[in-house]
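User: Hi! I'm new to this one and would like a friendly walk through it. Could you show it to me?

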Amino acid sequence: MAPGARIAAYKVCWVGGCFSSDILSAVDRAVADGVNVLSISLGGGVSSYYRDTLSVAAFGAMEMGVFVSCSAGNGGPDPVSLTNVSPWITTVGASTMDRDFPAIVKLGDGRTVTGVSLYRGRVTIPENKQFPVVYMGSNSSSPDPSSLCLEGTLDPHFVAGKIVICDRGISPRVQKGVVVKNAGGIGMILSNTAANGEELVADCHLVPAVAVGEREGKAIKHYALTNPKATASLGFLGTRLGVKPSPVVAAFSSRGPNFLTLEILKPDLVAPGVNILAAWTGKTGPSSLSTDSRRVKFNILSGTSMSCPHVSGVAALIKSKHPDWSPSAIKSALMTTAYVHDNTYNPLKDASVSSPSSPYDHGAGHINPRKALDPGLVYEIQPQDYFEFLCTQDLTPSQLKVFSKYTNRSCHGLLRNPGDLNYPAISAVFPEKTSITSLTLHRTVTNVGHAASSYRAVVSPFKGAAVKVEPENLNFTRRYQKLSYKITFVTKKRQSMPEFGGLIWKDGTNRVRSPIVITWLSFV
């Protein structure tokens, strides 16, 4: 992402896990060493900002001018599954790329099903030869241990010499292949369930294996259950480029809204996190299983732990061009230049449902490194502004002290509504009180583009509210000049679900886009 950038690595995870004390120590050490960017592919469920060790550590790093990016988590597609929701952290979800690793399943009835696989082992299944295929589950919608191919659930008497269909879930995908292999199976078809939809993740299996989507998986399982002489063969087709549509938001990518503060939209953005090719340690096999004796110099993995470093690298690239930019300026540049359409010019899709994703899935959109280098305008947030935000979160003085232990910060009452934090995303939250029909939020932008530039505001329409931006034009006369605007939401008809849209500032060269979410709270 940033050619020429120097990398310092700090070990915080061990066989027993990743401990808070090690994470805090590593962040302190990295900041003392003078790093510009921290890439932290870690996170855990928390109930408040002050109890989140990583949040506290990242706050201190931000105060020292260090950009911090963290993984959103792999809890999708369930809503409210995010980790690392603090506004001073750049929270990164995962998306696909236009590269795939296709594989096929040829069924005995003549049908061919497309899937994916990274299998390149010595054991092969000739494409022109059919083998018995078996599914140990049933037509029931709820999978049983045998259909999940969990350890000790496959009877060698039934699966030996056959291709076994396994459902995703509970155990690691590659582990299922080991269970099949140990039971005497010669291959595996790994079927998605409703939780994964049509999203396909390629793996370095220890047995010939093809992963297929939920729809295709149901068809294959039906064929195996209704035909006592069901057969299949597996074929592996290498690498394919130019996949459409892409990018697509990964089904596993954790989703919003921000469970601590609705006024702060999370995740912030998405980046490549599916089937990512990178250097690999020689200490373990590509599947990371202890039984895997293979050794490779490169591997392909998926997860928001892969998407986070993409953003970290682009942040380093921006920092190299703009060394005086603050972490918030870099984050703003990444968010306001992100795109929300795929390579078919349609809105970004959600892999779990194959329909358009929302800002709760993709945040501001997919990173666009080239445009992020020249965003035109940025939303600056100072450390004290973040602290003022914390002051709106009903924290006690002792809880706030966690964030001001060394700086001796205090609340000045400069921020009454958390939605007024100068965030690149705009989230308007109407309270349960139906008599409140108007809400105004404030923002300030800094001109980092041409000295003389004039921006015009364009706001998408909303069904439930009228939106007005004042002023509608921002006229800059010099670089680094700051101008403020306010955006007012007036309820026309309260909606039961959040509404999504966007605000774009245009000057003929730059498009500075902020996602907008309008939420009407209701009594439960």
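This is a predicted model: local features need pLDDT of at least 70, side-chain atom pairs count only at pLDDT 80 or more; totals for chains, interfaces and linings use all residues.

User: How many of the residues of helix 2 is that?

Analyst: The count is 8 of 11 for helix 2, which spans residues 53-63, so this helix is largely enclosed by the rest of the structure.

User: What goes on at the start of helix 2?

Analyst: There, aspartate 52 brings a side-chain oxygen to within 3.1 Å of the backbone nitrogen of leucine 54. As for what comes after, helix 2 is followed by glycine 65, which has a positive phi near 85°.

User: Is serine 69 buried or exposed?

Analyst: Serine 69 has a relative accessible area of 0%, so it is buried. Leaving aside residues up to four places away in sequence, serine 69 touches Leu38, Ser39, Ile40, Thr90, Val92, Cys308, Val311 and Ser312.

User: Let me zoom out. How many helices and strands does the protein have?

Analyst: The protein has 11 helices and 29 strands. Its radius of gyration is 25 Å, close to the 24 Å that the globule rule gives for 524 residues, so the protein is as compact as a globular protein of that length. Along the principal axes, the C-alpha atoms fill a box of roughly 75 × 50 × 45 Å.

User: What share of the residues is buried?

Analyst: Buried residues account for 53% of the 524. If you look at contacts between residues at least 6 apart in sequence, 72% of them join residues at least 24 apart.

User: What about domains, which ones are assigned?

Analyst: The assignment gives domain 1 as 1-94 + 245-375, domain 2 as 102-236 and domain 3 as 422-523. Between the C-alpha centres of domain 2 and domain 3 there are 49 Å.

User: What does UniProt list for residues 420-518?

Analyst: UniProt, in an unreviewed entry, lists those residues as "domain: Subtilisin-like protease fibronectin type-III". In the model, the chain over residues 420-518 is 0% helix and 59% strand, with its end C-alpha atoms 14 Å apart.

User: Asparagine 422 is in that stretch. Where is it found?

Analyst: Asparagine 422 is in the loop between helix 11 (397-404) and strand 22 (426-430). With 12% relative accessibility, asparagine 422 counts as buried.

User: What does asparagine 422 touch?

Analyst: Not counting residues up to four places away in sequence, asparagine 422 touches Tyr379, Glu380, Ile381, Arg443 and Thr444. With glutamate 380, a polar atom of the asparagine 422 side chain lies 2.9 Å from the backbone oxygen.

User: Where is cysteine 149, and what is its phi?

Analyst: Cysteine 149 is in the loop between strand 9 (131-135) and helix 3 (156-159). Its phi is near 55°, a positive value in a residue other than glycine.

User: And is tyrosine 480 buried or partly exposed?

Analyst: Tyrosine 480 is partly exposed, with a relative accessible area of 42%, whereas cysteine 149 counts as buried at 1%. Tyrosine 480 has a positive phi too, near 65°, and lies in the loop between strand 26 (473-476) and strand 27 (482-491).

Terms used
Residues are numbered from 1 along each chain as its sequence is written. Side-chain values use heavy atoms; hydrogens and water are left out. Domain bounds come from an automatic or database domain assignment. Helices (H or I, at least four residues) and strands (E, at least two) are DSSP runs, numbered from the N terminus. Buried means under 20% relative accessible area, exposed over 50%, partly exposed in between (1.4 Å probe, protein chains only). A polar contact is a pair of N or O atoms within 3.5 Å; within protein, one must be able to donate a hydrogen and the other to accept it, and residues adjacent in sequence count only if both atoms are side-chain atoms. Contact means heavy atoms within 4.5 Å. The radius of gyration is taken over C-alpha atoms; the globule rule is 2.2 Å times the number of residues to the power 0.38. UniProt positions are given in the numbering used here, feature names are shortened, and annotations may be inferred rather than shown by experiment.
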